[in-house]
Amino acid sequence: MSLTTALTPLLETARGPASAVAAVRGTERAVLCRGPVGEGDRFETGSLTKTFTALLLAELAARGEVRYGDRADRYLPFRLPGPPLTLLHLATHTSGLPRLPPGLLSRAVRSGWLTNPYAGFSEDDLLASLRRAPLRHRPGSRVHYSNFGGGLLGHVLARAAGGTGGDYAALLAERVTGPLGLRDTDCDPNRPQLMGHWHGRSRPALLMPGLAAAGAVRSSARDLLGVLTLLLHPDTAPDPVLRTALTEVQRPRLSVPRTGSRLCLVWNLRPRPDGALVHHSGGTRGFTAFAGFLPASGTGLVALTNTAPTPLAPFVQSAYGALCGLGSTPAGRMWTARV
């Protein structure tokens with residue numbers, strides 16, 4: 001079955017006014033769009049941002065600028081009490097930090113929970129929340145998905161590279177998206193992007209000044225397919241540091257109890273009889289995104305639509321199933337489609 005034939009049913013499941021799906025399988029490549037969108041148009045990617053943050057972590061580690069076992073507070077202006085919380089804990093959702101920073105919800109209710117919930121939460125707020133955040137468990141002992149931890153990781157990496165926490169976007173451009181030639185990918189809400197929708201209503205561009213590394217990246221089907229192609233073939237990256245980083249982000253770091261799944265650096269990995277399936281998803285108030293790849297068969301798939309996720313994430317689940325089908329493996333249900 002051709003990629004176009006395989007992707008068409010997935011494109012038809014998308015609810016947004018504009019959608020794009022793309023896939024690579026060996027030497028085949030296909031991008032399909034529906035609505036007023038092209039392969040270079042930008043979507044908000046939500047938590048797919050964290051996969052870029054993981055690549056940035058691996059890039060700094062490959063250069064020797066950080067180590068995965070470094071305490072996060074080594075690069076902060078204050079010491080965190082309690083057991084060590086490391087960069088690896090942040091990148092594997094085992095930090096013990098809550099899903100959202102303390103104080104964010106109350107601030108969002110005042111500033112626009114239904115429109116732009118993160119807009120009023122700054123880098124200073126991030127650090128203030130960290131000082132008073134109770135850990136849900138000892139770092140490293142349990143998996144608990146955390147946007148707080150993802151945002152903090154980007155803040156820490158920017159400081160580790162000699163900047164301030166607010167320099168995450170610039171550092172990502174300098175170390176990752178620029179060298180990889182991803183011209184549609186950045187955190188800039190002012191560059192042209194598609195209009196998002198939630199319950200049929202248009203939404204303003206997402207603003208995340210304090211948690212950019214957790215969800216602020218915008219990208220296109222073209223760029224995301226390029227990233228998956230590089231993950232499938234790290235040796236084609238433009239320099240040795242990024243080749244190492246692309247390999248490191250997909251190396252399993254821990255097993256997730258009761259699921260059979262594993263966690264890499266941010267990426268979820270599901271072992272399968274004919275090879276691993278690596279995936280992540282994301283969502284904002286106006287967009288849904290999925291990316292996944294099967295290293296053994298050289299297959300990758302991207303699915304993007306400009307409407308917010310709905311309960312049970314049917315578009316994400318359909319994308320996961322389509323990827324399984326492209327890799328000629330039984331689909332089954334994905335583990336934890338996080339947004």
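Glu28 is partly exposed, with a relative accessible area of 32%; here buried means under 20% relative accessible area, exposed over 50%, and partly exposed in between (1.4 Å probe, protein chains only). The side chain of Glu28 forms a salt bridge with that of Arg25, at an N to O distance of 3.0 Å. A salt bridge is taken as a side-chain nitrogen of Lys or Arg within 4 Å of a carboxyl oxygen of Asp or Glu. The model is predicted, so that local features need pLDDT of at least 70 and side-chain atom pairs count only at pLDDT 80 or more, whereas totals for chains, interfaces and linings use all residues. Residues are numbered from 1 along each chain as its sequence is written, and side-chain values use heavy atoms, with hydrogens and water left out.

By the salt-bridge rule, the count is 16. Among them is the pair Arg63 and Glu59, whose closest N and O atoms are 2.4 Å apart. Because Arg63 and Glu59 lie four residues apart in helix H2 (residues 49-63), about one helical turn separates them. Helices (H or I, at least four residues) and strands (E, at least two) are DSSP runs, numbered from the N terminus. Arg63 is partly exposed, with a relative accessible area of 45%, while Glu59 is buried at 1%. Both residues belong to a network of salt bridges that also links Glu65, Glu174 and Arg175. A further salt bridge joins the side chains of Arg191 and Asp186 at 2.5 Å, N to O. In that pair, Arg191 is partly exposed at 29% relative accessible area and Asp186 is buried at 17%.

Helix H2 also packs against helix H6 (residues 147-160), at an angle of about 35° and with the axes 10 Å apart. Axes are lines fitted to C-alpha atoms, for helices over the stretch in contact, and angles run from 0 to 180 degrees between N-to-C directions. The contacts (heavy atoms within 4.5 Å) involve Lys50, Thr53, Leu56, Leu57 and Leu60 of H2, and Asn147, Gly150, Leu153, Gly154, Leu157 and Ala160 of H6.

Lys50 is also touched by His93, whose other contacts are Arg142, Val143, His144, Tyr145 and Ser146, residues up to four places away in sequence not being counted. His93 is located in the loop between helix H3 (87-91) and helix H4 (104-111), and is buried at 5% relative accessibility.

In helix H5 (residues 123-132), the buried residues include Glu123, Asp125, Leu126, Leu127, Ser129 and Leu130. At the start of H5, a side-chain oxygen of Ser122 comes within 3.4 Å of the backbone nitrogen of Asp124.

Eight strands make up an open sheet with antiparallel pairing, in the order S2-S1-S12-S11-S10-S9-S8-S7. Strand S2 (28-34) and strand S7 (254-255) are the edge strands, each pairing on one side only. Two strands are said to pair if DSSP finds at least two bridges between them. Between strand S11 (residues 288-294) and strand S12 (residues 299-305), the antiparallel pairing extends over seven bridges. Phe293 has Gly300 of S12 as its bridge partner. Helix H11 (residues 314-326) packs on the sheet and touches strand S1 (19-25), strand S9 (268-270), strand S10 (277-283), S11 and S12. The direction of H11 makes about 160° with that of S12.

How values were computed. Polar contact = N/O pair within 3.5 Å; in protein donor to acceptor, adjacent residues only side chain to side chain.
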